[in-house]
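I opened the model to see what could be looked up in it. My entries follow.

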Protein chains: 2
Amino acid sequence: MNHGLGEFEQLVLLALMRLEPEAYGVGIRDEIEKRTGRSVALGAVYTTLLRLEGKRLVATRLGEPTPQRGGRRKKYYRLLAAGRRELITSIDALRSMTRGLTPGLELR
Amino acid sequence: MNHGLGEFEQLVLLALMRLEPEAYGVGIRDEIEKRTGRSVALGAVYTTLLRLEGKRLVATRLGEPTPQRGGRRKKYYRLLAAGRRELITSIDALRSMTRGLTPGLELR
DNA sequence: GTCTATTTCTTCGACATAGTCGGAGAAATG
DNA sequence: CATTTCTCCGACTATGTCGAAGAAATAGAC
């Protein structure tokens, strides 16, 4: 059976959720970098997004080209119900594991 | 370079921390099952523990046999400073990604 | 006492899934 | 056609998973 989301999958899904309904590859990468401070390769994001789509946790729609140099079509992502459920499950797991731990570790 | 802890590594480290200084394989497995509700194979725990030891995030000491049938020596684990740092870093990342999200998703 | 059955705990080997990166490719505008 | 933005691909590493074998202890039969 399937045992939940990987660590990076969680981050991607959370970023996606924050940016919805305008979430797309580059934006997701930037959001993760901005919030976590760690640097993220674009390829890592796209690979993960592809896998999440394969697992039917997210769905996509194609946007229109933007009126700026190089502004090609973006592929927008949205979280499906199954994806939301998985995300909640894995975060709940973390929460229950950190509950009551010394401040700084408990997830508040 | 190394990008943090995996999802299961986080759970193992958190369980370890909760059970310290009596943390050992079986106890860690039970703690994760009890708190998260998901079933965990012992082999998965030991493999992860071995890898964490290899990365110098945890250290071990051998206990004495316990006076009960089959009570062989346990290998007790403790979190090293580097392990604690990694754990805090990855949980902080989650926390900053969930901050402000709809209740039930924010890590409290 | 010594065997051996049984229990507890740990390690190993093999494979599946997730994570990472650089570079190639496609699609837009200047 | 040069340049920019965005996405996909291929190859590899690291994590996650499991079952089964192995080691170390006690209990009870004899």
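I call a residue buried if 20 or more other C-beta atoms lie within 10 Å of its own, exposed if 12 or fewer, and partly exposed in between, with C-beta atoms placed from the backbone. Helices (H or I, at least four residues) are DSSP runs, numbered from the N terminus.

This is a predicted model, in which local features need pLDDT of at least 70, side-chain atom pairs count only at pLDDT 80 or more, and totals for chains, interfaces and linings use all residues. Residues are numbered from 1 along each chain as its sequence is written, and chains are lettered from A and ligands numbered from 1 in the order in which they are written.

**Helix α4 of chain A**

I looked up which residues of α4(A) are buried, and found A:Gly83, A:Glu86, A:Leu87, A:Ser90, A:Ile91, A:Ala93, A:Leu94, A:Met97 and A:Thr98. They lie on the same side of α4(A), because they cover an arc of only 145° around the axis (the arc of the directions from the helix axis to the C-beta atoms). On the face turned away from that buried side I found the exposed residues A:Ala81, A:Ala82, A:Arg85 and A:Ile88. After α4(A) comes A:Gly100, with a positive phi near 85°.

**DNA strand C**

I counted a residue as near the strand if its C-beta atom, placed from the backbone, lies within 6 Å of it. DNA strand C is surrounded by 34 residues, the closest being A:Gly6, A:Gly43, B:His3, B:Gly25 and B:Gly70. Two or more residues each come from α1 (7–19) and α3 (42–54) of chain A and from α2 (25–36) and α3 (42–54) of chain B. α3(A) gives the largest share of this surface, six residues.
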